Amino acid sequence: MPTKRLEQRDLEACAALFAQVFSAEPWSEPWGVDGALARLEHFHASPGFVGMLSTSDKGDVTGFVLGNLEPYLDCQLFYLREMCVASHRQGQGIGSRLYQALERELVERDVRAVYLATGRDIPAAGFYQGLGFRCSESMAFYAKGLKG
Ligand SMILES: CC(C)(COP(=O)(O)OP(=O)(O)OC[C@H]1O[C@@H](n2cnc3c(N)ncnc32)[C@H](O)[C@@H]1OP(=O)(O)O)[C@@H](O)C(=O)NCCC(=O)NCCS
């Protein structure tokens, strides 16, 4: 199952996958393809974009991971923004292979650390911990909702 760099021409297929995966449990968010495309295009157009894509033998997108490099002191960090695998292909090792491919790209670029924000109690937390991520004891993620 090939893993390759995610390019602009892949964004529409990734958006369709994203909308499918995050509309389903455990996320159940009301994503449509247009909204998903706007989000993925935003990251793609932002400085330091790096993404990896996994396809089936037929060429269908089965998963992707993406985010952006950012300067920090004398080094670079990578903010992993989105990652998903097609619902019917989850649990088959695709996500792990995608992440390892991404990490190889980042090591080549001398990235010091990868960070991400995700739900504390969602199943994906176990996935990230299995890859070596740890929930920071010293840092916290703050958010404030604003009413329009
Ligand atoms: C999270 C996700 C990207 C993982 O990809 P995947 O291809 O299903 O994961 P893998 O098959 O490579 O699993 C690798 C390891 O993580 C574990 N893992 C994967 N999904 C898990 C889950 N839902 N709960 C607990 N452990 C999980 C597997 O057990 C496996 O461990 P093992 O190697 O000891 O068997 C994928 O399940 C997904 O897209 N989920 C929905 C979207 C999502 O939550 N994205 C991340 C939000 S930021």
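UniProt positions are given in the numbering used here, feature names are shortened, and annotations may be inferred rather than shown by experiment. With that in mind, hello everyone, and let's start with the record. An unreviewed UniProt entry lists residues 1–148 as "domain: N-acetyltransferase".

A word on the ground rules. This is a predicted model, where local features need pLDDT of at least 70 and side-chain atom pairs count only at pLDDT 80 or more, while totals for chains, interfaces and linings use all residues. Residues are numbered from 1 along each chain as its sequence is written, and side-chain values use heavy atoms, with hydrogens and water left out.

Now to the span itself. When I say helix or strand, I mean DSSP runs numbered from the N terminus: H or I with at least four residues for helices, E with at least two for strands.

Please find strands S4 and S5. How do S4 and S5 run, parallel or antiparallel? Strand S4, residues 75–85, and strand S5, residues 111–115, run parallel and are joined by 4 bridges. Two strands count as paired if DSSP finds at least two bridges between them. To get from S4 to S5, the chain passes through helix H3, residues 94–108, in a right-handed β-α-β crossover. Right-handed has a viewing rule: with the strands pointing away from you, the path from the first strand over the helix to the second runs clockwise. While you have strands on screen, remember that in a regular strand the side chains alternate between the two faces of the sheet.

Next, the inside. A nonpolar core here is a set of buried Ala, Val, Leu, Ile, Met, Phe, Trp, Tyr and Cys residues joined through side-chain atoms within 4.5 Å. Buried means under 20% relative accessible area, exposed means over 50%, and partly exposed is in between, using a 1.4 Å probe and protein chains only. The largest core has 20 residues, and Leu6, Cys14, Leu17, Leu40, Phe64 and Leu66 touch the most other members. Which elements give two or more residues to this core? They are helix H1 (11–23), helix H2 (33–45), strand S2 (49–55) and strand S3 (61–72). H1 provides the largest share, 8 residues. Another core lies apart from this one; it has 18 residues, including Leu69, Leu102, Leu131 and Phe133.

Let's zoom in on Leu17. Contact means heavy atoms within 4.5 Å. Setting aside neighbours within four places in sequence, Leu17 is in contact with Val61, Thr62, Gly63, Phe64, Cys84 and Ala86.

On to charges. Side chains of opposite charge can pair when their charged atoms come close. The rule for a salt bridge is a side-chain nitrogen of Lys or Arg within 4 Å of a carboxyl oxygen of Asp or Glu. How many salt bridges does this rule give? The count is 6.

Lys4 pairs with Asp10, with their closest N and O atoms 3.8 Å apart. Lys4 is partly exposed at 34% relative accessible area, whereas Asp10 is buried at 9%. Glu7 and Arg9 form a salt bridge too, at 3.2 Å from N to O. Glu7 is partly exposed at 36%, and Arg9 is exposed at 63%. Then there is Glu105 with Arg109, at 3.3 Å from N to O. Here Glu105 is buried at 11%, while Arg109 is partly exposed at 33%. These residues also belong to a salt-bridge network that links Arg5, Glu105 and Arg109.

Last, some backbone details in the loops. Which residues does a cis peptide bond join? Glu25 and Pro26, with omega at about 5°. Pro26 sits in the loop between H1 and H2. Ser28 is in the loop between H1 and H2 as well, and has a positive phi of about 50° although it is not a glycine. Ser28 is partly exposed, at 47% relative accessibility. Leu73, in the loop between S3 and S4, is not a glycine either and has a positive phi of about 50°. Is Leu73 buried or exposed? Leu73 is exposed, at 78% relative accessible area.
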